[in-house]
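Take a look at the protein below. Keep the sequence beside you as you read.

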Amino acid sequence: MAAWALLALLALAPAAAGGMLSFASYYGDHMVLQQKPSGAVVWGHGELGAMVTLTLSGASGLVIMEKTAQVKGPSGTWTTVLDPMDRGGPYALTAEQGLENVTLRDIYFGDVWLCSGQSNMAMTVLQVANASQELAAAARYPYVRIFAAAPARSSVELEDLERIDLPWSIPTAENLGHGNFTYFSAVCWLLGRSLYETLGSPIGLVEVAWGGTPIEAWSSRRVLQACGLPEDTGSTSPHQHLSGPQTPSVLWNAMIHPLLNMTLRGVAWYQGEANTFLNTDKYNCTFPALIADWRRAFHAGSAGQTEPLLPFGFVQLSTYRRGSADDSFARLRWHQTADLGVVPNARMPSTFMAVAMDLGDEHSPYGSVHPRDKQNVAHRLLLGAMAVAYGDKGLVFQGPYPTRAVLEVTRGLLNVTYSQELICRQRDAQAFEVRSAISSQRAAKGKGSTDGGFSPPQVCCSSQASPCQWQLAPVVAVGSRTVTLALSGCRTLVLGLRYAWAEWPCDYQACPLYNSQGLPVPPFLLDTLPAGNTDGGRELLLLPGSSSPLN
């Protein structure tokens with residue numbers, strides 16, 4: 001164990017306070033501040049024009065650093081950036097203004113992660129699988145500190161949080177399992193605990209979540225403008241399926257904007273279910289735009305201490321209704337990747353994703369949209385965080401993805417090659433679908449071209465004329481990296497290939513394909529174009545497809 005971890009926690013004494021001097025709402029005893037290479041931003045309120053002296057002291061009382069800042073601005077705030085600090089503690093942080101002083105104790109330096117989203121992020125440790133064991137284990141993690149903002153909304157951008165549900169705290173069974181959908185977030189806790197176990201650094205976790213909320217409520221006006229969505233709060237009528245605030249920007253204003261001065265190491269996001277009812281096909285704009293906007297805002301608000309490409313992890317939607325023909329969940333999952341299937345990608349750099357479509361929980365007492373297995377969600381987030389945020393280049397953090405397809409016309413087979421070795425868990429699942437047609441040339445002359453190229457198709461293999469309908473493509477063989485699909489009906493021109501395109505695509509941990517680490521192949525939607533002939537048949541170029549309801 002690191003030397004800092006061997007120090008006993010300081011006996012806590014009431015902090016002196018009074019007058020106008022104070023720290024901002026989200027600084028307090030037991031907090032974690034961001035460690036080096038970044039400097040932690042600290043701010044608060046004071047008497048306009050006064051000088052505030054900030055002193056960081058070690059456990060023995062030795063002064064580590066001293067900073068001064070002047071109280072400025074219409075609301076009388078002071079701000080300073082601490083010198084980058086090694087991980088560890090405990091420290092005391094004292095602000096002095098004239099005869100007033102306020103001291104925060106038991107402070108550690110480590111990595112600070114913000115956790116945000118809707119109800120699947122708000123689900124507490126009390127609600128997850130094996131909850132009693134998880135709660136009992138809390139005492140083993142005194143250096144993972146937790147903080148939860150209270151749900152709040154505002155029509156204007158706020159400078160500080162209005163209310164706090166849980167001030168900075170050492171984890172206990174009571175504050176990790178305060179109640180249902182309150183605090184503390186299970187996904188956030190399990191990720192933070194795993195980061196601590198892996199890195200050995202103190203971890204600070206900040207929960208900012210509200211169930212039943214769409215992404216528009218978490219977005220600034222800049223995001224709404226970029227995606228052509230209304231900013232006028234009166235232009236959106238409430239959706240009956242959503243329980244939380246839907247008005248654009250109200251959660252950005254009240255719950256995110258106040259935190260912008262905080263120096264962060266990363267973000268974890270679990271949201272999207274609400275947008276299966278609202279602006280579903282705008283999510284391929286709103287989500288990448290929100291990520292970029294939050295990054296710019298946190299970088300600027302922290303005086304450049306939060307890195308410009310702040311690592312941003314998210315959970316791809318799990319499941320809702322078994323057997324539902326609605327494809328809004330499938331479309332939303334695709335849009336969560338900016339319609340590119342995997343992350344990080346060109347539109348979403350420095351991001352990572354936990355696939356969760358195989359973690360459905362039909363009998364969850366909180367409704368099937370709230371699966372209780374948050375441990376696997378957190379583990380998959382951890383892998384992405386270690387690879388993307390912490391630079392573990394050799395770590396496999398996502399499942400296999402298609403890289404090549406070859407059509408054997410005479411045998412009616414489609415061979416799909418993947419980026420990693422495959423483990424088949426469910427061969428007879430109806431997970432693969434194709435759209436196929438015969439070319440206009442073949443339709444007219446009864447024969448295909450010889451060079452592998454076709455004019456635009458005019459005759460679909462399905463009964464539906466336009467667009468060509470998706471048809472099941474059964475798996476006939478699974479090799480080391482290749483899946484062979486059987487094509488029914490005509491098979492001279494495959495227009496598209498999709499996988500797991502359903503609201504509930506598979507049973508618990510029983511999707512068809514995984515890698516050897518147990519990570520599932522993510523859902524995908526691909527357009528296919530003829531790319532010439534090869535020894536095995538006709539090569540197909542794989543391109544990200546459109547998930548418009550008309551396609």
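What follows moves from the whole chain to its disulfides.

This is a predicted model. The protein chain holds ten helices and 26 strands. It has 551 residues, and 58% of them count as buried. The chain exposes about 21000 Å². Carbon and sulfur atoms supply 51% of that area. Now consider contacts in the chain with a separation of 6 or more: 73% of them come from residues 24 or more positions apart.

Next, the cysteines. A disulfide is a covalent bond between the sulfur atoms of two cysteines. How many disulfides does a search of the whole structure find? The search finds three.

Start with Cys115 and Cys188, joined with an S to S distance of 2.1 Å. Their link is right-handed, with 75° about the S-S bond. Cys115 sits in strand β8, and Cys188 sits in helix α4. The two are 73 residues apart, so this pair links distant parts of the chain. Cys115 is buried at 1% relative accessibility, because buried means under 20%. Cys188 is buried too, at 0%.

Move on to Cys227 and Cys285, again with 2.1 Å from S to S. The torsion about their S-S bond is about -90°, so this disulfide is left-handed. Cys227 lies in the loop between α5 and α6, while Cys285 lies in helix α7, so the pair ties together parts 58 residues apart in sequence. Cys227 is buried at 4%. Cys285 is partly exposed at 22%.

Finally, Cys506 and Cys511 form a disulfide with sulfur atoms 1.9 Å apart. The torsion here is about -60°, so the link is left-handed. Both Cys506 and Cys511 are buried.

Notes
Residues are numbered from 1 along each chain as its sequence is written. This is a predicted model: local features need pLDDT of at least 70, side-chain atom pairs count only at pLDDT 80 or more; totals for chains, interfaces and linings use all residues. Side-chain values use heavy atoms; hydrogens and water are left out. Helices (H or I, at least four residues) and strands (E, at least two) are DSSP runs, numbered from the N terminus. Buried means under 20% relative accessible area, exposed over 50%, partly exposed in between (1.4 Å probe, protein chains only). Contact means heavy atoms within 4.5 Å. Accessible areas come from the Shrake-Rupley method with a 1.4 Å probe; for residues, only the protein chains shown count as cover. A disulfide is a pair of cysteine sulfur atoms within 2.5 Å.
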